Amino acid sequence: MRTAAAALPRFLVVGAGTAAASALAIGALVQGMAMTPIAAAAIVAIAGNVVGFVLNRKWSFLAAHEHPLRQLLRYLTVATVAVVTSVALFALLTEALGLHYLLASLVVSALFAAANFLAHFHWSFAERRPGRRLA
């Protein structure tokens, strides 16, 4: 059965895993490829969202009730807003406030977890009644 109470722990496991992998990937891009932390964070956010869609659709939200393309379009809408605002927050934390980029990455991931969960549960992967065709 698809419930928020069942989905939340799975979503947090996926989120924690992708946040940890993101921090490691950002570190690798900054240290190994001499990329700026902001560029690395943007690239990693995009890759993380692709992995997140697959894991969240199949496991967190048990959302095989609808064609994946429609869900992907909604998911990417949420993800795009989240990426733009999270990269801006990352820049603020690192550039303006001087926070270390790895710590900033984890702070940003934690702040976006609740908003992303709600958006994905109630919109991206929501069960829709027949005849209702929302984006």
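Biologist: Which helix gives the most residues to the lining of the largest pocket?

Modeller: The model is predicted, so to speak: local features need pLDDT of at least 70, side-chain atom pairs count only at pLDDT 80 or more, and totals for chains, interfaces and linings use all residues. Residues are numbered from 1 along each chain as its sequence is written, and side-chain values use heavy atoms, with hydrogens and water left out. Helices here are DSSP runs (H or I, at least four residues; strands are E, at least two), numbered from the N terminus. With nine residues, the top contributor to the lining of the largest pocket is H1.

Biologist: How much space lies in the largest pocket?

Modeller: On a 1 Å grid over the protein atoms alone, a pocket is an open set of points where a 1.4 Å probe fits, with protein on both sides within 12 Å along at least five of seven lines; lining residues have an atom within 4 Å of a point. Points are joined across faces, edges and corners, and the volume is the space filled by probe spheres set on them. For the largest pocket this gives about 650 Å³.

Biologist: Which residues are closest to the centre of the largest pocket?

Modeller: Two or more lining residues come from each of H1, H2 (37–60), H3 (68–96) and H4. By class, the lining has 19 nonpolar, 12 polar and no charged residues (Ala, Val, Leu, Ile, Met, Phe, Trp, Tyr, Cys and Pro count as nonpolar, Asp, Glu, Lys and Arg as charged, the others, Gly among them, as polar). Of the 31 lining residues, the closest to the centre are Thr18, Ser22, Ser109, Phe112 and Asn116.

Biologist: How are H1 and H4 oriented, roughly parallel or roughly antiparallel?

Modeller: The axes of H1 (residues 4–33) and H4 (residues 101–124) come within 9 Å and cross at roughly 150°; axes are lines fitted to C-alpha atoms over the stretch in contact, with angles from 0 to 180 degrees between N-to-C directions. Angles under 35 degrees count as roughly parallel, over 145 as roughly antiparallel, 65 to 115 as roughly perpendicular and the rest as oblique. H1 and H4 are therefore roughly antiparallel.

Biologist: What class counts does the contact of H1 with H4 have?

Modeller: Contact means heavy atoms within 4.5 Å. Those taking part include Ala4, Phe11 and Gln31 of H1 and Tyr101, Asn116 and Phe121 of H4. The contact has 14 nonpolar, six polar and no charged residues.

Biologist: What is the handedness of the crossing of H1 and H2?

Modeller: Their axes come within 9 Å and cross at roughly 155°, and the two helices are therefore roughly antiparallel. A crossing is left-handed if the near helix is turned anticlockwise from the far one by less than a right angle, and right-handed if clockwise. H1 passes H2 in a crossing that is right-handed.

Biologist: How many charged residues are in the contact of H3 with H4?

Modeller: H3 and H4 pack at about 155° with axes 9 Å apart, which means that H3 is roughly antiparallel to H4. Among the residues that meet are Arg74 and Leu89 in H3 and Phe112 and Trp123 in H4. Besides 14 nonpolar and nine polar residues, the charged count is one.
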